[in-house]
Amino acid sequence: MVYPIVKYGDPVLERDAAAITDFDTAELHQLIEDMFESMYAAKGVGLAAPQIGVSKKIAVIDTSNGENPDDKMVLINPQIVTVEGKQVGEEGCLSIPGFREQVRRGRRVTARAQNAKGETFEITGEDLLARALLHETDHLNGRLYISHISALKRDLIRRKVRKLAKAGEWT
Ligand SMILES: [Zn+2]
């Protein structure tokens with residue numbers, strides 16, 4: 001099932017999501033399937049559960065946009081272990097459509113997470129994958145990418161979003 005994407009302004013996006021404690025359940029497998037479906041429908045490379053209104057620590061990533069099944073990744077209760085180097089590049093978010101900003105991130109990132117069975121694994125990514133690991137883990141801690149840009153730029157986005165919301169164009 002494809003869920004609508006929750007937009008910036010909804011408090012679920014800025015709440016620390018709950019850790020997942022029940023693994024390998026039908027409910028969890030369904031959630032993962034729905035998250036991939038919703039992410040592909042929205043043409044994103046990553047999606048965190050709060051973005052479909054589910055305040056749980058689970059995210060999916062596919063930096064190939066559905067082109068390469070090997071790139072499909074499920075991260076449950078992820079934590080960033082190491083961050084090395086720097087990259088500055090454009091970043092956007094399905095929950096803040098229409099906006100993109102230059103964001104400074106680590107270039108090589110290792111995250112530790114659990115899979116659907118509850119097994120712990122580590123994943124190291126560079127460049128786009130490093131950015132996605134940081135972006136999605138942030139989501140699960142209630143943090144959006146705009147917290148990494150200047151207050152000036154953030155306020156500008158807030159004002160524009162408020163205007164769109166007033167016009168009924170931010171739902
Ligand atoms: Zn996002």
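## Charges over rings

A charge sits over a ring if NZ of Lys or CZ of Arg is within 6 Å of the ring centre and within 35 degrees of the ring normal. In this predicted model, Lys72 meets that rule over the face of Phe36, at 4.5 Å from the ring centre. Lys7 lies over the face of Trp170, with 5.8 Å to the ring centre.

Both of these rings turn up again below, so let's look at their aromatic partners.

A pair of aromatic rings is described by the distance of the centres and the angle of the planes. The count for this model comes to two aromatic pairs. Phe36 and Tyr40 make a stacked one, at 6.1 Å centre to centre and with 25° between the planes. Helix H1 (residues 26-41) holds both Phe36 and Tyr40, which are four residues apart, about one turn of the helix.

Tyr40 has a relative accessible area of 27% and is partly exposed.

## The edge-to-face pair

Phe99 and Trp170 form an edge-to-face pair, with 6.3 Å centre to centre and 70° between the planes. Where in the chain do Phe99 and Trp170 lie? Phe99 belongs to the loop between strand E4 (87-91) and strand E5 (101-105), while Trp170 is in the segment after helix H3 (151-166), so the pair ties together parts that are 71 residues apart in sequence.

Phe99 and Trp170 are both buried.

Key. Residues are numbered from 1 along each chain as its sequence is written. This is a predicted model: local features need pLDDT of at least 70, side-chain atom pairs count only at pLDDT 80 or more; totals for chains, interfaces and linings use all residues. Side-chain values use heavy atoms; hydrogens and water are left out. Rings of Phe, Tyr and Trp (its six-membered ring) pair if their centres lie within 6.5 Å; planes under 30 degrees apart count as stacked, over 60 as edge-to-face and the rest as tilted. Helices (H or I, at least four residues) and strands (E, at least two) are DSSP runs, numbered from the N terminus. Buried means under 20% relative accessible area, exposed over 50%, partly exposed in between (1.4 Å probe, protein chains only).
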